[in-house]
Amino acid sequence: MKIGFIGFGHMATAIFNGLVRANFVEPREVYACASDYEKLKERAAGLHVCRTASEVAQEAGIVFVCVKPGQVEEIIRPIRNDLRGCILISVAFGLDFDAYEKMLSVSSSGETVITDSGIKHISIIPNTPCEVCQGITIIEDKHNLSDPELEIVKSLLKKIGEIEFVSTEKMWLAGEVSSCGPAFAAMFIEALGDAGAKYGLDRESAYRIVSQMVAGTGRLQIEMAKNPGQMVDEVATPGGVTIRGVTALKEANFHDVVARAIDGIEESK
């Protein structure tokens, strides 16, 4: 099935690269448009570069909307007819199923109404590790896809990582943790790697060591379904070196500092 991208920034590029890496799609089966047509042509890796969103919708069976939330309506409303027959996957943070129904629905008098738009769509929040097929994609559990259509979307997204269905009410909180989390994790990798470098490790080697440790710890938690506190206890044996570091982190209120990342997002709303 042909894949389309309306908007081709960092997140769209990550999804595209992940799907190609997973052999789910070939670049020649992908259509994309962006605000800067010439710039997209320069960096497109074998995909079809389109001038308009309408062209993407006409060519692709699955269309990712990857533009800023405030731009979605002005781009989507004019191409409603082109989107019929497509599966529209929204990657615009903050726009849920009902928001799209409002944008896509128009009464006979031309007024906007919230009703069945007739366009199949679902809202998701992926994250950048999708680029190496190790992402986590949050999926709103409210959508209008048929069971076969939903299976297509699930199969696609599972190629680039894990998926998690979440209610509309909890979707944006889950998205804050998952899509903002890579930045927080990268800060931890940098900090621990720099600490290693401080005491003599080669910096690039330290970053590789920490990154693999983080990746492995995450996989251990997922596959063994262990409580994180239990995982700490299994490493921090009494009298050992780890417990000293854990104690230092607790004294520095590490848990609260990390939690404040989400506090900062929630308080800014």
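1. **His 10 and helix 1.** In this predicted model, His 10 lies in helix 1, which covers residues 10-21. Is His 10 buried or exposed? His 10 counts as exposed, because its relative accessibility is 74% and the cut-off for exposed is over 50%. Look also at Asp 233. His 10 and Asp 233 are 223 residues apart along the chain. Their C-alpha atoms are separated by 38 Å.

2. **Overall make-up.** The protein chain has 269 residues. Its secondary structure comes to 12 helices and eight strands. Along the principal axes, the C-alpha trace spans about 75 × 40 × 35 Å.

3. Strand 4 takes in residues 62-65, and strand 5 takes in residues 87-90. The two pair in the parallel sense over four bridges. Find Val 63 in the model: it stands opposite Leu 88 in strand 5.

4. **Cysteines.** How many disulfides does the structure hold? It holds zero. Cys 33 is in no disulfide. For Cys 33, the nearest cysteine sulfur is that of Cys 50, 6.7 Å away. A disulfide would need the two sulfur atoms within 2.5 Å. Cys 33 is also buried, with a relative accessible area of 6%.

5. **Cys 180.** Cys 180 is partly exposed, at 26% relative accessible area.

6. **Burial and contacts.** Of the residues in the protein chain, 38% count as buried. Now take the contacts between residues at least 6 apart in sequence. Among these, 65% join residues at least 24 apart.

7. **Surface and charge.** The accessible surface of the protein chain comes to about 15,100 Å². Carbon and sulfur atoms account for 54% of that surface. The chain carries 27 positive and 37 negative charges.

Definitions and conventions:
Residues numbered from 1 in each chain as written. Predicted model: local features only at pLDDT ≥ 70, side-chain atom pairs only at ≥ 80, totals over all residues. Heavy atoms only, no water. Buried < 20%, exposed > 50% of the residue type's maximum accessible area, 1.4 Å probe, protein only. Contact = heavy atoms within 4.5 Å. Areas by Shrake-Rupley, 256 points an atom, 1.4 Å probe, with all protein chains shown as cover. Lys, Arg positive; Asp, Glu negative; His and termini not counted. Charge placed at Lys NZ, Arg CZ, Asp CG, Glu CD. Pairing = 2+ DSSP bridges.
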